[in-house]
Amino acid sequence: MTKALEGVKILDFTHVQSGPTCTQLLAWFGADVIKVERPGVGDITRGQLQDVPKADSLYFTMLNHNKRSITLDTKNPKGKEVLTRLIETCDILVENFGPGVLDRMGFTWEKIHAINPRMIVASIKGFGPGPYEDCKVYENVAQCTGGAASTTGFRDGLPLVTGAQIGDSGTGLHLALGIVTALYQRNATGKGQRVTAAMQDGVLNLCRVKLRDQQRLAHGPLTEYSQYGEGIPFGDATPRAGNDSGGGQPGRILKCKGWETDPNAYIYFITQAPVWEKICDVIGAPEWKTDPDFAKPAARLPRLNQIFGRIEDWTMTKTKFEAMNILNEFDIPCGPILSMKEIAEDESLRATGTIVEVDHPTRGKYISVGNPIKLSDSPTDVTRSPLLGEHTEEILRKVLGYNDNEVADIRHAGALDPAPKRAAP
Ligand code: COA
């Protein structure tokens with residue numbers, strides 16, 4: 001079976017997490033992703049959080065499946081010639097260097113566009129144009145500046161960052177959509193274009209509902225927030241809402257059997273209005289079906305603490321999986337808090353390829369998250385990440401068409417290998 005992006009060549013200048021997330025997805029859809037790395041060093045994550053000595057870290061391997069690696073010093077004159085050839089040959093260049101890095105390398109958008117007018121140049125930066133455009137940015141900076149941290153956590157605690165990498169992987173996803181959209185437009189125009197995604201913008205896009213609440217504040221309190229029922233006045237900015245559900249259907253995380261010793265013995269419980277009567281029956285509070293203080297959603301809002309307290313009395317008598325099974329029989333939306341250990345062992349996630357086992361020559365077997373997006377005519381086969389420079393010769397010869405002498409020249413010029421260490425004076 002062919003792959004959706006078969007024949008598309010990507011010059012992958014990405015590193016760390018945000019950009020690699022994007023190019024890994026495109027590789028899973030069938031693009032030929034050629035990762036260009038600095039000789040001797042490579043993507044810095046190869047050596048970060050290493051768990052197996054001298055083997056690429058899980059940080060690197062889990063973000064760089066299905067790619068090929070070429071080492072190339074793009075500051076070396078011969079290296080620049082090879083890079084020019086790669087630009088001529090590829091359809092898309094993806095990068096998430098610090099601001100101005102590509103320009104300093106001598107490859108401005110204008111120059112790239114002149115070399116290959118069909119090339120799409122896709123970039124992730126921390127911020128869009130404005131006062132912070134020159135800043136380097138990592139995940140948590142984006143979470144803080146994109147509105148996530150100020151709205152995550154409990155009202156009386158610090159702002160919190162979340163474990164979901166919405167700044168890095170989230171922006172990588174945004175960029176991937178921008179790239180395939182530009183590719184689609186190129187079919188009609190024959191022209192490449194620039195695609196940019198700023199991490200602050202990507203996080204804000206994912207925090208859209210919090211900007212919604214910011215504007216609702218001008219018209220009164222946010223009645224679905226627990227704070228409302230507790231009689232605590234709202235300030236002038238969207239507050240942190242703990243585990244309140246973001247939508248109009250109140251929800252909370254509640255204790256389940258074993259919570260005293262198991263940090264994940266909890267369930268998320270949503271009191272969705274259409275199933276309210278079933279909820280009352282399940283938890284043993286049938287009188288709430290007709291009591292005017294509880295029967296209608298608006299009447300319940302000031303009483304959420306009381307309601308969830310009573311529901312929790314019931315969930316504490318069940319394990320999170322027992323509660324999930326019972327509640328689902330009645331179409332009551334809920335979700336057990338799954339630990340990473342439970343997810344790693346989940347047979348159904350393995351069956352769909354969302355969790356995959358991968359073999360690696362230097363680190364052995366490990367598990368990873370496979371492609372979460374399933375295409376019926378373009379299945380994903382996850383293959384291991386490349387070793388540093390594993391495909392340098394193959395790409396020079398087979399993709400760029402260099403002959404033996406030319407490859408030897410490029411190597412001799414020092415464009416493929418780390419510079420030799422100078423002897424101490
Ligand atoms: N050959 C020669 N030099 C290379 C090279 C290659 N193949 N690949 C990279 N380099 C050089 C660059 O030219 C640059 O040199 P310069 O500063 O002299 O111009 C240098 O490596 C460092 O690049 P930079 O991207 O700034 O790396 P950094 O480690 O200093 O910063 C980030 C890392 C992530 C903070 C920064 O890249 C960034 O802000 N990126 C955009 C936002 C982003 O994606 N952040 C999330 C990452 S998960």
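The model is predicted. Helix α7 packs against α1 at an angle of about 45° and against α8 at about 95°.

**Helix α1 against α7**

- Helix α1 spans residues 18–28 and helix α7 spans residues 168–189; their axes lie 7 Å apart, at an angle of about 45°.
- That angle makes α1 oblique to α7.
- The α1 and α7 helices cross with right-handed geometry.
- On the α1 side, the contact is made by Ser-18, Thr-21, Cys-22, Leu-25 and Leu-26.
- On the α7 side, the partners are Asp-168, Ser-169, Gly-172, Leu-173, Leu-175, Ala-176, Ile-179 and Val-180.
- Sorted by class, this α1–α7 contact comprises eight nonpolar residues, four polar ones and one charged one.

**Helix α7 against α8**

- Helix α8 covers residues 199–206 and packs on α7 at about 95°, with the two axes 9 Å apart.
- Angles of 65 to 115 degrees count as roughly perpendicular, so α7 is roughly perpendicular to α8.
- Asp-168, Thr-171 and His-174 of α7 touch Met-199, Gly-202, Asn-205 and Leu-206 of α8.
- The α7–α8 contact divides into two nonpolar, four polar and one charged residues.
- Asp-168 takes part in the contact with α1 and also in the contact with α8.

**Helix α17 against α18**

- Helix α17 (residues 392–399) and helix α18 (residues 404–412) have axes 10 Å apart and pack at an angle of about 135°.
- The two helices, α17 and α18, are therefore oblique to each other.
- Their crossing, α17 with α18, is right-handed.
- Glu-393, Leu-396 and Arg-397 from α17 meet Asp-404, Val-407, Ile-410 and Arg-411 from α18.
- By class, the α17–α18 contact contains three nonpolar and four charged residues, and no polar ones.

**Largest pocket**

- Elements giving two or more residues to the lining of the largest pocket are β2 (32–37), α4 (101–104) and β5 (120–125).
- The lining of the largest pocket is made up of 18 nonpolar, ten polar and ten charged residues.

**Second largest pocket**

- At least two lining residues of the second largest pocket come from each of α1, α2 (58–61) and α7.
- Helix α1 gives the most to the lining of the second largest pocket, with four residues.
- The lining of the second largest pocket consists of eleven nonpolar and seven polar residues, with no charged ones.

- Asn-66 is not a glycine, yet has a positive phi of about 60°.
- Asn-66 sits in the loop between α2 and β3 (67–71).
- Asp-331, likewise a residue other than glycine, has a positive phi near 60°.
- Asp-331 is located in the loop between α14 (320–329) and β9 (334–336).

Terms used
Residues are numbered from 1 along each chain as its sequence is written. This is a predicted model: local features need pLDDT of at least 70, side-chain atom pairs count only at pLDDT 80 or more; totals for chains, interfaces and linings use all residues. Side-chain values use heavy atoms; hydrogens and water are left out. Axes are lines fitted to C-alpha atoms, for helices over the stretch in contact, and angles run from 0 to 180 degrees between N-to-C directions. Angles under 35 degrees count as roughly parallel, over 145 as roughly antiparallel, 65 to 115 as roughly perpendicular and the rest as oblique. A crossing is left-handed if the near helix is turned anticlockwise from the far one by less than a right angle, and right-handed if clockwise. Contact means heavy atoms within 4.5 Å. Ala, Val, Leu, Ile, Met, Phe, Trp, Tyr, Cys and Pro count as nonpolar, Asp, Glu, Lys and Arg as charged, and the others, Gly among them, as polar.
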